[in-house]
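User: Please walk me through the aromatic contacts in this structure.

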Amino acid sequence: MHDILHAVNTSTVKSVLATIVHVEGSSYLKEGTSMLFQENGENIGMLSAGCVEADIAERVKELFDTEHVLTVTYNLKEEGDAGWGQGAGCNGILYILLEPVTARMKKNLLRVKRHLDNRNPVLHIKKLEKNFIQTTSFYVEKTGETFGANSDASSFANSDASSFATDDWNGRKSGIQLSNCSLLTYAHLYKPKPRLVIWGAGADAKYLVALAVSTGFFVTLCDWRPALCNKEHFPLAEEIHIGFPEEVDKHLSVQRDDFVVIMTHNFYRDQEILSLLKSKTVKYIGVLGPKKRTLRLLNTDIPSHIHSPVGLSIGAVGPQEIAVSIVAELIGTLRMCDGKKG
């Protein structure tokens, strides 16, 4: 969705947003997945393993100059040549909502983008009639802000969106949430990019920055050496902080959902960074180097929340493969996987 929002922000081409709102059975991608179809043929995202995109691309041609909302259904259970599943192993029915990106919708999506850029999750709620004509609203729990709907839908969002508060969203499934006779409620939580704070701007960090950005992380790079820590060497890093750990820490605002990887190759700087992190709660801390070195850094046993050595144990050799092992472990933690090494 972040790539879609970037395209909406930078492109003047007419487009249609396709969103999976409901799945019966299994599917390659789940409710909340979106894809942007543009009039020039350049599309962002995917909805399946290639089963339905070509057909949708034909259908949206009739929507570029309208404000009509359309819902299409694909039965992927059939694996024969005539079936949508085309032998891909899918075993579900997809309900996909097609919405032209009107001026009003673009304004709302750019507002969503600003909130996500400010690290505020945004809950998207759609009221769907049986024919899937809809009103839509967005709810930002951190600020209590509601936007995107007419007055009736806004009152709906103010009263019902709180029940989908972001703090209680973990474990809840995107898609159709409520139904009563003629009304369905679809909800999906847009989350900010997970932030990865990398301490150390050595040559090996370049591979980690590049891979982390390409897999959807917001990368903040920190180092005390301006000759190394700059946009010329790290053009993909979204944030760069130059300074010694204690100085940078005052401006870093490390949060509960952040990931931190320490790879300065400087024993005393690593020790200082770990000391600063003692009083903070973060999702992940990884330390580059052998476990014996980390034991020396901490001068105590390694707590369970510190990953040392950083990365999955895949026998990685060289900075490229080490970057792969680290990002794999980050994704495992992000997706709440077991995360065991080996």
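Analyst: Buried means under 20% relative accessible area, exposed means over 50%, and partly exposed lies in between. The model is predicted.

User: How many aromatic pairs does a search of the whole structure find?

Analyst: The search covers the whole structure. Rings pair if their centres lie within 6.5 Å. The number of aromatic pairs found is five.

User: Is Phe-147 buried or exposed?

Analyst: Phe-147 forms an aromatic pair with Phe-138, at 5.2 Å centre to centre and 15 degrees between the planes. The relative accessibility of Phe-147 is 3%. The cut-off for burial is under 20%, so Phe-147 counts as buried.

User: How are the rings of Trp-224 and Phe-244 arranged?

Analyst: Their centres are 6.5 Å apart, with the planes at 20 degrees. Planes under 30 degrees apart count as stacked. Therefore the pair is stacked.

User: How many residues apart are Trp-224 and Phe-244?

Analyst: Trp-224 is in the loop between strand S12 (218–223) and strand S13 (239–242). Phe-244 is in the loop between S13 and helix H6 (245–252). The pair links distant parts of the chain, 20 residues apart.

User: What class of accessibility does Phe-244 have?

Analyst: Trp-224 is buried, with a relative accessible area of 16%. Phe-244 has 39% relative accessibility. That value is between the 20% and 50% cut-offs, so Phe-244 counts as partly exposed.

User: Where does the charged end of Arg-225 sit?

Analyst: Arg-269 lies over the face of Trp-224, at 5.4 Å from the ring centre. The charged end of Arg-225 is 4.4 Å from the centre of a ring, and it sits over the ring of Trp-224.

Notes: Residues numbered from 1 in each chain as written. Predicted model: local features only at pLDDT ≥ 70, side-chain atom pairs only at ≥ 80, totals over all residues. Heavy atoms only, no water. Phe/Tyr/Trp six-rings, centres within 6.5 Å; stacked < 30°, edge-to-face > 60°. Buried < 20%, exposed > 50% of the residue type's maximum accessible area, 1.4 Å probe, protein only. Helix = DSSP H or I, 4+ residues; strand = E, 2+ residues; numbered from the N terminus. Lys NZ or Arg CZ within 6 Å of the ring centre and 35° of its normal.
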